[in-house]
Amino acid sequence: MYTAAVLALPDAIAFDLATPIETFGRVRLPDGRPGYRTLVAGPERSVQAGPLRLAIDEGLDALQRADLVVVPGRNNPLEPTPPDVLEALRAAAERGTRIASICVGAFTLAEAGLLDGRDATTHWLAADEFARRYPAVRVNPDVLYTDNGKILTSAGAVAGIDLCLHIVRNDYGTAVAADAARLAVAPLHRPGGQAQYIVRNRPPSRPTTLHQVLPWIEENAYRDLSLADIAAAAGLSVRTLTRRFKDETGQSPMQWVAGVRIRQAQELLETTDHTVDRIAAQTGFPTTSNFRAQFGQVVGVTPGAYRKVFRPARPDPAH
């Protein structure tokens, strides 16, 4: 049996706390024995987790007895982590303990220096700030989880379940992990390299000189747009437009257009029964094959697979 210690920090995200507790707590071996002894540990005897106040039974010394430490995210991941917590995490890493983060819990691991020179991920909304704060970390916001052997990270929310099931599979094999997935009513395996499904080209939060042309692109993405069309709408030369897009969004104008089209296609896949051919035409892609290729490259799955996840087939009323 492995001992998993879930670290409960002040301002913890309740969902992130519950994910490893419930997932590991439901693991049963073929002979019926539990696969994990799950502890909740923290620097304080009680913590506020959103609207909940939780009593904590174990102190930070529990990390010394753990085979696995799981660090959930906090509602404000930029808040400094208590020094004794960072010391306990570093000590656990030095002993070779596996340490995993859920969502923005990656900020805590990075603050402890455990992700320097490693691959990591976090919630896509926080990825830019994460990369700015921790340039020594190879952050990849487009995957569900990363596994560096002893240090693991996951993206937001449900990706934490994917990571926990990945750990179970590594510890006890596919059959035990499949049983845990059924109890969690979750798919057994979404590969860590799968995209987070989100197209992250939303308008920049900081002031931008593109504030007029970005809404214009949203309204006209269905058209056969060229760089010249976008430049004319912005009142700029093609050269100036390209430079400003790169400086202010990190993308070229046509990359931005493709992102808008894919996001609009996602909405249609989620909310309509339109065929893939029709959606490709509605959202401005020149051909269906071009749509499938770009959608797969950006989102990480086919349009059909995306629809199955976000718009499951509805039961036939006759049955």
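**Note on a predicted single-chain model**

1. Val238 counts as partly exposed, at 37% relative accessibility. The model is predicted. Val238 lies in helix H10, which covers residues 238-249. Together with Leu227 and Met254, Val238 forms a nonpolar surface patch of about 200 Å² accessible area. Membership requires over 30% relative accessible area, and Val238 has 37%.

2. Overall content: the chain holds 14 helices and ten strands. Of its 319 residues, 48% are buried. The accessible surface is about 15,300 Å², with 52% of that belonging to carbon and sulfur atoms.

3. Contacts: among those in the chain with a separation of 6 or more, 63% are between residues 24 or more positions apart.

4. Charged pairs: side chains of opposite charge can pair when their charged atoms come close. The count of salt bridges is nine. One of them joins the side chains of Arg98 and Asp171, at 2.9 Å from N to O. This pair links distant parts of the chain, with Arg98 in strand E6 (residues 98-101) and Asp171 in helix H6 (residues 158-172), 73 residues apart. Both Arg98 and Asp171 are buried.

5. Within it, the side chains of Arg65 and Glu58 meet at 2.9 Å, N to O. Arg65 is partly exposed, with a relative accessible area of 40%.

6. A further pair: Asp31 and Arg33 form a salt bridge through their side chains, at 2.7 Å from N to O. Arg33 has a relative accessible area of 44% and is partly exposed.

Definitions and conventions. Residues are numbered from 1 along each chain as its sequence is written. This is a predicted model: local features need pLDDT of at least 70, side-chain atom pairs count only at pLDDT 80 or more; totals for chains, interfaces and linings use all residues. Side-chain values use heavy atoms; hydrogens and water are left out. Helices (H or I, at least four residues) and strands (E, at least two) are DSSP runs, numbered from the N terminus. Buried means under 20% relative accessible area, exposed over 50%, partly exposed in between (1.4 Å probe, protein chains only). Contact means heavy atoms within 4.5 Å. Accessible areas come from the Shrake-Rupley method with a 1.4 Å probe; for residues, only the protein chains shown count as cover. Patches are made of residues with over 30% relative accessible area and no salt bridge: like charges are joined within 9 Å, nonpolar side chains (Val, Leu, Ile, Met, Phe, Trp, Tyr) within 5 Å. A salt bridge is a side-chain nitrogen of Lys or Arg within 4 Å of a carboxyl oxygen of Asp or Glu.
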